[in-house]
Structure formats: C-alpha cells, structure tokens
Amino acid sequence: MTVRTGTARLGPEERGTALAQMAARELDVVVIGGGVVGAGVALDAVTRGLSVGLLEARDFASGTSSRSSKLIHGGLRYLEQLNFDLVREALQERALLLQRIAPHLVRPVPFLFPLTHTGWERPYVGAGLALYDSLGFSFGFTRGVPGHRHLSRRRALRLAPALRRSAFTGAVQYWDAQVDDARYVMTMLRTAATYGAHVASRTQVVGFLREGERVTGVRVRDLEAGTELDVRARQVVNATGVWTDDIQELVGGRGQIHVRASKGVHLLVPRDRIHSLTGIILRTEKSVLFVIPWGRHWIIGTTDTRWDLDRAHPAASRADIDYVLEHVNAVLSVPLTRDDVEGVYAGLRPLLSGESEETSKLSREHVVAHPVPGLVMVAGGKYTTYRVMARDAVDAVAHGLDQRVPRSCTDRIPLAGAEGYQALWNARQRLAASSGLHVARIEHLLQRYGSMIGEVLTLIEEDPSLARPLPGADDYLRAEIVYAATHEGARHLDDVLARRTHISIETFHRGLAVAQEAAELIAGPLGWGEEQVRREVEYYTKRVEAERLSQEQDTDQEADAVRLGAPDVVPAVVPRSA
Ligand SMILES: Cc1cc2nc3c(=O)[nH]c(=O)nc-3n(C[C@H](O)[C@H](O)[C@H](O)COP(=O)(O)OP(=O)(O)OC[C@H]3O[C@@H](n4cnc5c(N)ncnc54)[C@H](O)[C@@H]3O)c2cc1C
C-alpha cells in the first residue's frame, strides 16, 4: 500500500488504475453500488484498514442519491409516528455532518410551518418542534442549527410575503440542514480513494464468483470498454438501493431483504417566483411538501407513489407535476404555473417491503443481512443516516472476515475539503482579491469544493479563460466543468450537467444551451475527438427531449415509455442470473 499525499483524483487514468488493482489481488471487501450507502461502506471499510473496491454500474450517485429532497434531517413525520429513536439518530448525524464531517457541503436551512387551525395546533406543533430541537443535541456536539420560534401571522408574512394571508393563522419556524446529495457522494468517494479504496464507475456487476455456497467475488463488466473482469474479495457488500433484489437474484439465493420503489418528484422554480426568506413545510394528505431554498431556485416536492417501471430513469408525469403545483399553490398568493417550472427530477425511495401497502408508511429504517457466506446486504434507511448503515454493514463484513477489525471511525473522518474550510471561508475576501474572482464566486466555490478550492483556482491560473462563467449557466465557471472530468469522476456530458453541476434542472433550457461548450471543455481531459463530442451532445439532447415529453404524459406508463425512447450513452447490460 502506498501512502498518498493530497486528495485523490477520480480522473480517467485513476479509473484504469483502480480496475487494474481490483483485478490484481483478492480484496477484503468489494462494494456493489456507488450511491450514498455504497460510498459510505467503502469509506467505513477503508478507514478500518481493510482493502476495498467499489463498483458502480452508471455514474456515481446516479440512482436515488442524486434525486432526493437534499435534506439532512430527522424527519418531523417520524416524530409524529412516535419513532423517537430514528429521529434522534438522524439528528445526531445531522450535527456531526454539519460540524465535523462536511461543513463545506452541509448547511442549515430554515423552514416555516404554517398553522391552519386555531387552538390546539400551535401547542401541538410547538411541543413537537421543541422535542425535535432537544433530540438534536448529541454528546460532545451542539445541535448545529438555531432552535424553533413561534411567529404570529403578521411576522410570518414578513418572512414569507408569498403566503396567502387567508391560508394560515400563524406559524412556527424551525431549522434543518441541506446538502448537494450528488456532490456529497462523489466527495465521499474521493475521500475513500484518498485512504486507498479503488473506485470505478460504469462497471456493472453481472455475476458472482462462488466456491460452493460461498461468494468469493464478482464478475464485472467494464461498460466503457465492453470487457469483463473478475474481482475477488473475501466479502461482497450489496448496496444497490432499488436494485437490491436484482443482485439477490444474481446470487441465486432466496433473499432475506426485499426492496421496492416509491417515486418522489421535485420541481425547481426560479427564486423570484416565491417571495420568501425561508423554506416552507406544508402538510399533505399523505405526507409533507417542502419548499426548499436552493441557490437561485426553489426545490418543491415531493410525491410518494408506487413505481414498478424502469428504475434507472424514473419519469415524472403530468399528474406528478400537477400534484406538486396544486399543493404549493394552496398557500401562495400568486399561484405557480407550469411555465414557472425550470427543472423536474424524479427519484425512487428504496423501501423495505412491509405489511402496509401505503408507501409513505413503509419503514425508512435499514436492514443488514448475511444471506450466504461472503455476501452482506444493506438496504433501506435514508440519506441522512448513511453513515450508520455503512457502519452496521462493515460490522457484518468484519464478522464474516473472522479477524479482528477496528471499530468504525467515520465519525472522526472529515470528508475531502472539510479540513481548513472554515479558515478559508473566513478569508474569502482575501481569496477574492488574490484570485481576481468576485467574493460571491469564491463563496460558491468554497461551498462546492471546500479547501480543495485551490485545485480549481490552479486550473484558472494555468488557463485564465476558465475563469469565465459558462454562458447560459453562469452560476458555474468553465473551470468547474473541466475539474468535473479531471478530478471528480465525470466521464460523460450527462454526469457534468446533471450531477457535478445541476444545470440540467437549474435552467429553463435544461442544459441544452451549454451542452456543446461543456462537451468541448471536457473533451481534452477525457480524450474525445470531434465525433465523441457530437455523440455526447446528441445523447444529452435526446435525454432532455424525452424527459420533457414524458412530463406531458398523463400516466406513469406513458411517461416511462416516452422516457425510455432516449438510450443511455453507456447502456447497462441485462445480467444473467445464477
Ligand atoms: C424523492 C426522494 C426524496 C428523498 N429525500 C431525502 C432527504 O431529503 N433526506 C434523506 O435523508 N433521505 C432522502 N431520501 C432517501 C435517500 O435519498 C435514499 O435513501 C438514498 O439516497 C439511497 O441510497 P442508496 O445508496 O441505497 O441507493 P442509490 O443511490 O440508488 O445507489 C445504488 C447504486 O447501485 C448501482 N447499481 C445497481 N445495480 C448495480 C450493479 N449490478 N453493479 C454495480 N452497480 C449497481 C446503481 O446504479 C446506483 O447508483 C429521499 C429519497 C427520494 C426518492
């Protein structure tokens, strides 16, 4: 093992090296799935001293982990269900992520809870939020966010003038936290790679290696090269979210865990469409609806409906969009229309199958199982508690390894970019002066890269044209597009526009106006010729067109059929069952 100095890159060369290393020797652990849970498992295992590989069939975080509400929260809903342990655990994670593990990526966010009844509702909601605040304290940490406060209707309207006066009687404001979910996963994988994990995207597990009953590794298809390789490992972890059952089928055994999918749709609208200084949470008949500040936008969602169709590209239908608009419009004085919607995304909750048929009532808690020797399954849970899920999964791995493995230490492992972030944040005016960038740009960069900002600024020093904003998506600098390919594991245009940045949901053109320039910027680092640039733009354009059209369809079936009309630039294969 070599000891690395500096943060690992996830560029094309590093992917090649990672695959070669995985093929060369038996690993302690190989993880299937590069969402938040798989990335968490890789980091937990490698920081306990184990040798680790991670395989992701598509792009990192391209499953559920880039399509969430992007909240790090305890979940007020679970409080109402009296699930105090779940809420406490999640709020303790919130404090840890905010203050130690990723202060550059996780931020406090305020929510207004409008009250609609007089009398009982204020004491009921107030007591719940007081409990929520107190469960947020954990040993050695403060809560990391301000406490709740009661507001009269007049004061609430001052904070959120967009609310219709007659829609509520008063309000309570409380705080939670938010995160760029896709960037968090990628940053965690860079951190894991820094500690020595081998990670590779667009590598699909298509079979298992067996010695009798025991799983001894996986058969992997390198989807970019079209070749296959074997990765041997003493323990394999299945962290594939809504694909969990597929992996179970591949291993041929009857699974102990069943996961089913529930679709949640979010809309983005420009910030000026809702005049408010705070996020808003609304009750719906089934669950809650959030209006979440997101840079120069609002994220509004979500829905909760059963989904049995394509899991790689869940499609939002007209009905989903209308549902979200209808619920938010119930409290706005100036209603939103479909013309206000600049972006739409849909994600699938990996729900452990339960007795109840109602998806919103299915358990959000996680399960770890050891269905056959050599294989650990981890599923369920939620983004906020990924670290706990990862710890439990690696404990099961340790059990299977039959050797002494140190306890989890990820509660003390800051993610790449966290160390030194606060000092740089405090010096942001000076950084702005020395780099020639506006301080608002420096803040944006610090909140995406933390103390790795120097790597982006170095790109700009080497090529000053990269300091220019990307025309058509000017929240982002051209340097950030290049950096996505050189350091952050982006291998295709879609990776850059949908996950390293969020241009695909933050602009009315959904990335089409910048696709050509972005593809040209990453062509060099990724070794593309003109033909590949053309192909990438063509695939991306087809994706956007299919998504737009699917959002005009009335039903899930129609939306799914239309969305599937746009193929992936690197399609996954249909694996053969054992
Ligand atoms: C609408 C919505 C809103 C949500 N909001 C929140 C929230 O605000 N806060 C919160 O805490 N949680 C939230 N959640 C829950 C949270 O997002 C998920 O629990 C979490 O992201 C699941 O992560 P995962 O790693 O299990 O799955 P995924 O992110 O889906 O990762 C699984 C990965 O496995 C890969 N894979 C599958 N098969 C193979 C194979 N054969 N070989 C290699 N790789 C494979 C997939 O490509 C995928 O990337 C939300 C979920 C949804 C759907």
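**Cores, buried residues and a pocket**

Modeller: Let's start inside: the largest nonpolar core has 57 residues, and Leu50, Val106 and Tyr184 touch the most other members. Among the elements giving two or more residues to this core are β1 (27-32), α2 (36-46) and α7, while α10 gives the most, with 9 residues. This is a predicted model, where local features need pLDDT of at least 70 and side-chain atom pairs count only at pLDDT 80 or more, though totals for chains, interfaces and linings use all residues. Residues are numbered from 1 along each chain as its sequence is written, and side-chain values use heavy atoms, with hydrogens and water left out.

Biologist: What makes something a nonpolar core?

Modeller: A nonpolar core is a set of buried Ala, Val, Leu, Ile, Met, Phe, Trp, Tyr and Cys residues joined through side-chain atoms within 4.5 Å. A second, separate core of 46 residues includes Ile453, Tyr476, Ala518 and Trp528.

Biologist: And why is Ser201 called buried?

Modeller: Buried means under 20% relative accessible area, exposed over 50%, and partly exposed in between (1.4 Å probe, protein chains only). Ser201 has 3% relative accessibility, so Ser201 counts as buried. Ser201 is found in the loop between β7 and β8 (203-211); helices (H or I, at least four residues) and strands (E, at least two) are DSSP runs, numbered from the N terminus.

Biologist: Which residues does Ser201 touch?

Modeller: Not counting residues up to four places away in sequence, Ser201 touches Arg15, Glu56, Arg58, Asp59, Phe60, Gly489 and Arg491. Contact means heavy atoms within 4.5 Å.

Biologist: Is Leu336 buried or exposed?

Modeller: Its relative accessible area is 4%, so Leu336 is buried. Leu336 lies in the loop between α9 (318-329) and β16 (343-352).

Biologist: How far apart in space are Leu336 and Gly374?

Modeller: They are 53 Å apart, C-alpha to C-alpha, and 38 residues apart in sequence.

Biologist: What makes something a pocket?

Modeller: On a 1 Å grid over the protein atoms alone, a pocket is an open set of points where a 1.4 Å probe fits, with protein on both sides within 12 Å along at least five of seven lines; lining residues have an atom within 4 Å of a point. The second largest pocket has a volume of about 710 Å³, counted as the space filled by probe spheres set on the points. Of its 37 lining residues, the closest to its centre are Arg4, Ala193, Gly196, Ala197 and His198. α1 gives the most to that lining, with 7 residues.
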